[in-house]
There are 2 protein chains.
Amino acid sequence: MVKRTSFEGDGCPVARSLEAIGDWWTLLIIREAMLGLRRFGEFQSKLGMAKNILSARLRSMLDHGILAMVPASDGSAYQEYVLTPKGRGLFPILVALRQWSEEFDDTPEEIDTIMIDRAKGRPVKKLELHAEDGRLLSLADITLKPRPAPRRRSA
Amino acid sequence: MVKRTSFEGDGCPVARSLEAIGDWWTLLIIREAMLGLRRFGEFQSKLGMAKNILSARLRSMLDHGILAMVPASDGSAYQEYVLTPKGRGLFPILVALRQWSEEFDDTPEEIDTIMIDRAKGRPVKKLELHAEDGRLLSLADITLKPRPAPRRRSA
DNA sequence: CCGATTGGTTTTATAATGCAACCACAAAAG
DNA sequence: CTTTTGTGGTTGCATTATAAAACCAATCGG
C-alpha cells in the first residue's frame with residue numbers, strides 16, 4: 001500500500017482527531033462555519049479553494065458527523081451545511097491554534113484579527129488546563145496512563 | 001501554480017498555525033517529542049513512518065523554530081531533536097485534539113490512554129477559555145475584531 | 001421560458017506521500 | 001586497525017492527493 005497512512009485503528013486520541021480533521025482545509029472550513037457561513041458558494045469564495053476539494057472535504061465532514069445538511073434557511077430549495085455539536089466541539093482546537101500563532105508567530109503584526117469576549121469587547125485569556133482540584137497544569141505536570149479496562153458486568 | 005496552496009501570507013492566525021503544523025505527521029512527531037523521544041530512529045520506529053518523510057518534517061520543524069538540534073545527551077557524537085519553547089507551546093493544541101476525541105469519538109473504547117495530573121494521578125479537566133473577568137466562554141460568547149493598528153511613535 | 005446563479009462532477013496536470021534501496025559516518029567487535 | 005553493525009539519513013520510483021479549469025444539472029430571477 002502506498003496510500004496515505006490512515007490513523008483509523010490507532011489508539012492515540014490525537015491521531016484519531018487528525019484522521020478526521022488533520023488535512024489542509026478542514027479546519028479552515030470549520031472556522032468559517034463557526035463564523036456563520038453555511039453555503040457551498042460562501043465557503044468556496046471566502047476560502048478561494050478549488051470546488052472539487054471543497055466538495056470532497058464537505059462530504060468527509062458529513063461522514064464524520066462534523067457537519068450536517070439542513071434543508072433551507074432562506075426559502076430556497078438549496079441545502080446548507082451546519083455544524084453539529086461534534087463540529088462545534090472543535091472550537092477549543094481552533095482557539096488553541098489561534099493562540100499559538102498569537103504567542104509564537106515570527107511576524108505577529110500580520111495577524112489581522114483578535115478574538116474578543118462578545119459581552120465585554122475585551123480580548124480573551126489563554127486556554128487553561130486544570131487539575132480536578134483546580135491547579136493550573138502545563139506539559140511538565142501531566143503524564144499518560146493506559147485507559148482503565150472497561151467495566152464488565154460480572155468483574 | 002498547482003502546488004498545494006500555502007497560507008503564508010494569510011492574516012488568519014489559524015491558517016498561519018496550519019502552515020507550520022497542519023500536515024499529517026507533524027503533530028504526531030511533536031506528541032512523541034513531548035513524551036520524551038529525541039532521536040531520529042526513535043521517532044521512526046515508534047511512528048512507523050517513512051524515513052524520508054520524517055526527515056522532511058524534522059527539517060521543516062527546525063526551520064519553523066519548533067525543534068532544535070542539540071549535540072548529545074548520552075556521550076555519542078550524534079545529534080538529538082528537542083522541542084523549543086515554541087514547540088512546547090503546542091501543548092494546548094494536542095490537549096484540545098485529545099479531548100475532542102475523548103468527547104466525540106464514535107468508538108471511544110479504542111482510545112488507549114488517558115491524560116492524568118502527574119501529582120495526583122487523576123484525570124485532568126477540560127480546557128477552559130475565560131474572559132478577562134474570569135467568565136467561562138464558549139463559541140457563542142466570542143467574536144472576532146480587526147487587530148488594532150500598531151502603536152506608532154507619534155500617533 | 002430564458003439566462004444567470006448555485007452547487008457541484010469530470011478531466012487533466014502537478015505536487016506530496018510511501019516504500020524500498022542505497023549510502024556515509026559513527027560505534028562496536030575482533 | 002580492520003570488519004561489522006547501527007544510526008541517520010538521501011535517492012528513485014510508484015501511487016495518491018490536490019489544483020485548476022471545463023463541463024453540467026438543477027434552481028432561481030425575471
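**Interface of chains A and B**

Modeller: In this predicted model, chain B and chain A bury about 8200 Å² between them, 64% of it on carbon and sulfur atoms.

Biologist: Which residues of chain B lose the most area to chain A?

Modeller: The contact involves 84 residues of chain B and 84 residues of chain A. On the chain B side, three residues together account for 11% of what that side buries. They are Trp24(B), Trp100(B) and Leu139(B).

Biologist: How many residues of the contact of α1(A) with α2(B) are charged?

Modeller: From α1(A), Val14(A), Ala15(A) and Leu18(A) take part, and they meet Leu27(B), Leu28(B) and Arg31(B) of α2(B). The contact residues comprise five nonpolar and no polar ones, and the number of charged residues is one.

Biologist: Which residue of chain A meets Lys120(B) in a salt bridge?

Modeller: Between chain B and chain A the count is twelve salt bridges. In the one formed by the side chain of Lys120(B), the N to O distance is 2.6 Å, and the partner is Asp133(A).

Biologist: What share of residues 12–109 of chain A is helix?

Modeller: UniProt, in an unreviewed entry, lists this span as "domain: HTH hxlR-type". Its end C-alpha atoms lie 36 Å apart.

How values were computed:
Residues numbered from 1 in each chain as written. Chains lettered and ligands numbered in written order. Predicted model: local features only at pLDDT ≥ 70, side-chain atom pairs only at ≥ 80, totals over all residues. Heavy atoms only, no water. Contact = heavy atoms within 4.5 Å. Helix = DSSP H or I, 4+ residues; strand = E, 2+ residues; numbered from the N terminus. Nonpolar A, V, L, I, M, F, W, Y, C, P; charged D, E, K, R; others polar. UniProt positions renumbered as here; feature names shortened; annotations may be inferred. Buried area = accessible area lost by both parts, 1.4 Å probe. Salt bridge = Lys/Arg side-chain N within 4 Å of Asp/Glu carboxyl O.
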